[in-house]
Amino acid sequence: MTEQQKLGASSCAVDLSASALPQDGESSSEVFTTTIETSETPSGFDGFGFSEALLSTLKEKGYSEPSPIQKAAFPELMLGRDLVGQAQTGTGKTAAFALPILERLRTGQKTPQALVLAPTRELAMQVADSFKAYASGHPHLKVLAVYGGSDFRSQINALKRGVDVVVGTPGRVMDHMRQGTLDTSGLRSLVLDEADEMLRMGFIDDVEWILEQLPQERQVVLFSATMPSEIRRLSKRYLKEPAEVTIRTKDQEGKRIRQRSITVPMSHKLEALQRVLDACGGEGVIIFARTKAITLTVAETLDAGGHQVAVLNGDVPQNQRERTVERLRNGSVDILVATDVAARGLDVERIGLVINYDMPFDSEAYVHRIGRTGRAGRTGEAVLFVTPRERRFIRNLERATGQPIEQMEVPGNTAINQGRLDRLRKQLSAAATAERGNEEEAALLKELMQRVATELELSQEDLAMAALNLAIGPNPLLRHGDDDWIQNNQRHDRERPERRGDRRGDRPARAPEENMQRYRVEVGHRDRVKPGNLVGAIAGETGLQGRAIGRIQIFDNHSLVDLPKGMPEDVFNSLQRLRVMNRELQISRAS
Ligand code: AMP
């Protein structure tokens with residue numbers, strides 16, 4: 001099966017084959033290092049000193065070539081050196097640190113030897129799963145994910161039984177260390193994964209606290225998509241003469257993902273969304289919305305329209321989130337409507353289309369969102385909805401991805417009908433090539449067809465047509481009429497010509513006060529609250545990115561938090577009851 005066939009997801013899909021991960025017969029060399037020469041690294045996974053067991057696991061997984069970041073990182077990490085890697089998800093960064101760590105584990109040690117810190121529980125779980133998959137040749141090896149929201153007791157029991165690799169979110173790891181349930185005295189490697197995300201979510205103090213507690217002789221590996229000064233400071237302070245690897249993925253990521261935007265007034269978004277799904281949707285789709293309330297509205301609308309849809313937002317309990325992602329992965333739902341925070345780090349190969357239903361909070365969130373498609377070397381589509389006023393922000397996003405965002409019109413009936421026919425053709429081809437597992441059933445079906453054909457004197461073609469009609473169902477396949485809305489919408493666009501070219505492109509500098517509302521919450525120094533606690537809790541509850549949360553001032557028995565204006569009532573209500581440091585926020589608008 002070719003990558004394009006594997007994609008099979010979107011009738012709008014295009015074949016753009018460049019990738020940050022190596023494809024068959026291609027060896028990318030987009031590695032920029034300050035201290036490493038990579039040109040003489042041997043091909044394949046031989047030559048890094050990996051065990052036979054690991055080599056055969058990689059073969060089973062179908063990895064033929066290390067990705068650029070892996071080629072650069074393996075030799076350094078196998079020697080036990082510290083490393084700073086600037087790379088995004090999708091570059092193979094997890095295997096870049098996981099394989100050398102696994103290979104350097106000592107047998108017979110009871111306490112953990114490696115600790116990976118990740119900003120979210122989703123990422124922690126994924127990294128832990130990757131470790132488990134790569135360690136499948138060593139069944140005795142124990143990998144444990146620890147994160148908030150899951151049972152503390154069972155984590156303690158697992159730690160007591162003995163764990164080799166712990167992957168966790170900073171807060172929960174710190175709790176275990178404080179309680180003495182996570183013994184770090186034998187730790188040999190620490191990985192900070194997506195360090196900039198941890199900074200943005202207010203975890204940096206916790207990360208530093210953890211670093212301070214670790215043995216002096218240890219390897220530290222830091223991965224970050226961007227390098228804010230705070231992360232550079234951290235790396236200077238805690239890493240010893242680290243090797244530095246930078247992977248430029250912008251171009252490669254951008255080329256794999258075709259990006260388009262649709263200008264649509266707020267009031268027409270839901271209709272436009274349904275039309276885009278009808279024309280371009282297919283196998284797996286993620287729709288990003290700004291708030292939990294919007295995820296629900298969108299999901300209800302799509303559900304009413306007959307789509308298989310699930311929601312992933314901060315209200316969805318942890319165990320259900322895992323099930324939801326699994327349902328998306330195995331195809332029992334096709335569309336996921338998510339907030340940024342809930343979908344962070346999500347890695348599902350069959351996502352062929354990402355729809356930015358709302359403008360992301362910033363360009364990094366955009367890069368992250370569209371990175372949910374084009375996974376594992378596939379191609380993908382990203383569609384961004386912008387209101388006429390938001391169009392001026394597109395330039396920033398183009399700059400962040402290094403790729404143009406093409407303009408697209410809300411699909412009219414012709415495009416929708418073409419999409420429906422394409423999907424039907426794919427389904428028919430797939431059904432024609434798939435065998436019906438049960439032979440007895442297949443024989444009965446053949447007999448049934450023959451009987452109907454004889455009784456009604458039908459040709460093969462008549463019979464096939466009848467079967468297709470049965471599959472399509474009672475509603476007409478093609479859509480007619482009601483294209484007026486599109487015409488009106490497009491006219492609306494033309495009346496407001498785009499002026500992107502004549503402004504300087506940057507989002508105008510906004511005084512934060514103008515867009516922010518100040519709120520009072522009833523936790524303060526007496527509760528030992530830190531800004532990170534408030535950012536983490538509010539971001540988790542509202543779906544806001546940590547960086548969208550403004551100034552935080554903590555007083556003895558209350559705090560003031562600046563949040564973006566226009567908070568929906570239900571979000572406000574949920575923040576009232578939200579508990580931070582064991583106290584309800586009782587949020588109120590500050591005068
Ligand atoms: P990551 O950047 O760690 O999120 O990895 C992105 C995806 O690439 C994951 O699905 C990995 O399983 C996959 N992957 C990692 N390394 C390789 C490789 N050398 N060859 C093929 N696929 C890989």
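This is a predicted model: local features need pLDDT of at least 70, side-chain atom pairs count only at pLDDT 80 or more; totals for chains, interfaces and linings use all residues.
A polar contact is taken here as a pair of N or O atoms within 3.5 Å.

Around the ligand stand 15 residues, of which Tyr-63, Gln-70, Gly-90, Gly-92 and Thr-94 come nearest. By residue class, the shell divides into 4 nonpolar, 7 polar and 4 charged residues.

Another site worth a visit is Lys-292, which has its place in helix 13, a helix that spans residues 292–304. Is Lys-292 buried or exposed? Its relative accessibility is 5%, and because buried means under 20%, Lys-292 counts as buried. The side chain of Lys-292 makes a polar contact of 3.0 Å with the side chain of Asp-315. Leaving aside residues up to four places away in sequence, Lys-292 touches Asn-313, Gly-314 and Asp-315, along with Thr-339, Glu-541, Thr-542 and Ser-574.

Burial also marks helix 9, which covers residues 204–213. The buried residues in this helix are Ile-204, Asp-206, Val-207, Glu-208, Ile-210 and Leu-211. As a reminder for reading such a pattern, an α-helix has 3.6 residues a turn, so residues three or four places apart point the same way. What lies over the buried residues of helix 9? The cover includes helix 7 (170–179), helix 8 (195–200) and helix 10 (229–238), together with strand 3 (114–117), strand 6 (189–192) and strand 7 (219–224).

Turning to sheet structure, 4 strands form an open sheet with antiparallel pairing, in the order 17-18-16-21. Its edges are strand 17 (552–554) and strand 21 (588–589), each of which pairs on one side only. Strand 17 runs antiparallel to strand 18 (residues 559–564), and 3 bridges join the two. Within this pair, Gln-553 stands opposite Leu-560 of strand 18.

Notes: Residues are numbered from 1 along each chain as its sequence is written. Side-chain values use heavy atoms; hydrogens and water are left out. Buried means under 20% relative accessible area, exposed over 50%, partly exposed in between (1.4 Å probe, protein chains only). Contact means heavy atoms within 4.5 Å. Two strands pair if DSSP finds at least two bridges between them. A polar contact is a pair of N or O atoms within 3.5 Å; within protein, one must be able to donate a hydrogen and the other to accept it, and residues adjacent in sequence count only if both atoms are side-chain atoms. A residue is near a molecule or strand if one of its heavy atoms lies within 4 Å of it. Ala, Val, Leu, Ile, Met, Phe, Trp, Tyr, Cys and Pro count as nonpolar, Asp, Glu, Lys and Arg as charged, and the others, Gly among them, as polar.
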